[in-house]
Amino acid sequence: MKRVGIVGFICLALISLSGYAVLCTRHFYAPPSQQFALSNHSQISSLSADCKKRLRAFFTDHKSSQYSQEHFSAELKKQFLGLKKITFSYKSQKKMIVTVYCARPLFVFNNQVAVTGGGVQVAQNDFDQLALAELPHFSVAQAENNQPFSQECIEYARALDPAVHAFYDVEWVDSSLIKFHDKQHVHITVLGSTQTTVETILQPACREVTMALLERKTGRKGTKNDWCIDRRFKGQMIVFPGGSVTNEKTVCG
């Protein structure tokens with residue numbers, strides 16, 4: 001009887017130890033809960049007021065989280081495309097301070113999308129309008145709404161000399177047709193492509209043709225005719241009215 005009692009005691013002890021081992025194992029593998037707090041040193045002045053509000057709400061919603069730093073960072077960048085860098089620093093064992101840095105927008109497409117230095121396309125409303133006011137703005141033809149702009153278009157906009165924007169509003173149709181709408185003379189449009197150099201578009205001879213066209217007589221209704229100056233052909237300026245290639249053409253050069 002005594003022997004049975006000893007065996008029972010040993011079994012009970014083994015069960016207790018097994019349970020303790022399971023608890024220890026679960027504790028070891030379970031990710032610890034952390035508090036993520038937005039640092040006051042974050043550089044987010046370029047973000048809009050609405051975007052800042054959503055950013056702070058994100059941190060409130062994830063104040064206590066099972067996320068790892070990598071997972072938290074990935075989720076943050078996924079929801080806020082205007083961020084370029086995220087760093088973490090410990091304040092205590094369970095509290096993590098997160099510093100975020102805003103990407104720098106380079107130009108704007110269709111008054112809807114700002115493109116950052118990393119080529120990321122961000123909703124224009126995520127940036128403060130003052131941060132976008134002085135940036136180059138492009139009109140871009142899109143096959144379907146909400147489709148991302150092509151990498152070819154982005155690379156062209158990135159490389160285009162800012163001097164062009166002082167004279168023209170730029171409209172991208174495709175790589176073979178880019179329209180430069182004269183800001184001062186709204187009836188004049190210069191046509192180019194990705195192969196057309198900025199020097200060609202800003203060439204004095206092109207401005208001379210523009211002035212000559214403006215001196216032409218008005219139309220039957222007393223309005224100025226629209227003219228296109230096609231610079232896509234090396235050493236030539238093909239001029240035609242109204243943007244219709246079937247109309248009268250004049251080759252200069």
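Ser-193 sits in the loop between strand 11 (188-192) and helix 6. Helices (H or I, at least four residues) and strands (E, at least two) are DSSP runs, numbered from the N terminus. The model is predicted: local features need pLDDT of at least 70, side-chain atom pairs count only at pLDDT 80 or more, and totals for chains, interfaces and linings use all residues. Residues are numbered from 1 along each chain as its sequence is written, and side-chain values use heavy atoms, with hydrogens and water left out.

Ser-193 counts as buried because its relative accessibility is 9%. Buried means under 20% relative accessible area, exposed over 50%, and partly exposed in between (1.4 Å probe, protein chains only). Beyond its neighbours within four places in sequence, Ser-193 is in contact with Tyr-156, Ser-175, Ser-176, Ile-178 and Arg-232. Contact means heavy atoms within 4.5 Å.

Arg-232 also relates to Thr-200 in helix 6 (residues 198-201). The two are 32 residues apart in sequence and 9.2 Å apart in space, C-alpha to C-alpha. Not counting residues up to four places away in sequence, Thr-200 touches Cys-206 and Arg-231.

The arc is that of the directions from the helix axis to the C-beta atoms.

Helix 5 (residues 151-159) buries Cys-153, Ile-154, Tyr-156 and Ala-157. Its buried residues fall within an arc of 165 degrees, seen down the axis of helix 5, so they line one face of the helix. They pack against strand 5 (105-109), strand 6 (113-116), strand 7 (121-123), strand 8 (137-140), strand 9 (168-174) and strand 10 (177-182).

A nonpolar core is a set of buried Ala, Val, Leu, Ile, Met, Phe, Trp, Tyr and Cys residues joined through side-chain atoms within 4.5 Å. The largest has 31 residues, of which Phe-107, Phe-109, Phe-138, Phe-180 and Ile-229 touch the most other members. Leaving aside neighbours within four places in sequence, Phe-138 is in contact with residues including Phe-107, Phe-109, Ala-157, Leu-160 and Val-170. A second, separate core has 22 residues, among them Leu-55, Phe-58, Phe-72 and Val-98.
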